Amino acid sequence: MIIPKPTSILITGASSGIGEALAQRYAATGISLALSGRDETRLDRVAGHCRKSGALVETKVLDVTDQPAMETWIQNVDSHRPLELVIANAGVSADTSGLPETANRAQRVLDINIGGVLNTVLPVLPYMVERQAGQIALMSSLAGFRGLPSAPAYSASKAWVRSYAEGLRGRYAMEGIGINV
């Protein structure tokens, strides 16, 4: 079952951009936010804004590509406050300056945008299945519908996220878990 007004929310990539905006949007009295990002200074700033709005905020500085750390963090958060909404938001875009895409840069985009999604979604699914409740949101992009010549790896990663989420949606709908892209 999707909880219409979740009170326990985890957001990756919360130190800037969409993740920061989501954290600030959800921040309110009675809301527990678990926020992660790679930049401690920016993450602390976002957490401070959310606390001023009344939210209980826990932060974790980590890279979504670190599977063991992600699994430990998510399990720990869920054991204290069962997660009702998980937003797999962390991601990077490729350089759109027109430079050729290098193997290293393309691999980093795929590691973060695909590996990071897996490292966020897979640890929480068993808990949500057990509770027969929860919602997971995965961030794709319009680039997932048509490959951008300026960002091939980014486009491919976002197409994967969209397709993966659509598959999860069908797989977990009968388990009471909502999956959104």
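**Close-up views of a predicted model**

Strand 4 (residues 85-88) and strand 5 run parallel and are joined by four bridges. The model is predicted, so local features need pLDDT of at least 70 and side-chain atom pairs count only at pLDDT 80 or more, while totals for chains, interfaces and linings use all residues. Residues are numbered from 1 along each chain as its sequence is written, and side-chain values use heavy atoms, with hydrogens and water left out.

**View 1. Strand 4 pairs with strand 5 and with strand 1.** Strands are DSSP runs of E with at least two residues, helices are runs of H or I with at least four, and both are numbered from the N terminus. Two strands pair if DSSP finds at least two bridges between them. Strand 1 is parallel to strand 4, with three bridges between them. Isoleucine 87 stands opposite alanine 137 in strand 5, and isoleucine 11 stands opposite isoleucine 87 in strand 4. Leu85 and Ile87 on one side of strand 4, and Val86 and Ala88 on the other, are all buried (buried means under 20% relative accessible area, exposed over 50%, partly exposed in between, with a 1.4 Å probe and protein chains only).

**View 2. Strand 5 (residues 134-138) is largely enclosed by the rest of the structure, because five of its five residues are buried.** In a regular strand the side chains alternate between the two faces of the sheet. Here Gly134, Ile136 and Leu138 lie on one side, Gln135 and Ala137 on the other, and both faces are covered. Strand 5 also pairs with strand 6 (residues 177-180), in the parallel sense and over four bridges. In this pairing glutamine 135 stands opposite glycine 178 in strand 6.

**View 3. Helix 5 (residues 152-172) belongs to a right-handed β-α-β unit with strand 5 and strand 6.** Right-handed means that, with the strands pointing away from the viewer, the path from the first strand over the helix to the second runs clockwise. Alanine 159 is found in helix 5 and is partly exposed at 25% relative accessibility. From alanine 159 to methionine 70 there are 89 residues in sequence and 23 Å in space, C-alpha to C-alpha.

**View 4. Tryptophan 160 and tyrosine 164 form a stacked aromatic pair.** The count of aromatic pairs is one. The ring centres are 4.6 Å apart, and the planes are at 15°. Rings of Phe, Tyr and Trp (its six-membered ring) pair if their centres lie within 6.5 Å; planes under 30 degrees apart count as stacked, over 60 as edge-to-face and the rest as tilted. The two residues are four apart in helix 5, so about one helical turn separates them. Tryptophan 160 is partly exposed, with a relative accessible area of 28%.

**View 5. The largest cavity has a volume of about 60 Å³.** A cavity is a set of points on a 1 Å grid over the protein atoms alone where a 1.4 Å probe fits but cannot get out, and lining residues have an atom within 4 Å of a point. Grid points are joined across faces, edges and corners, and the volume is the space filled by probe spheres set on them. Residues lining the largest cavity include Ser8, Leu33, Val57 and Arg81.

How values were computed
1 Å grid on protein atoms, 1.4 Å probe; cavity = no way out; pocket = protein on both sides within 12 Å on 5 of 7 lines; lining within 4 Å.
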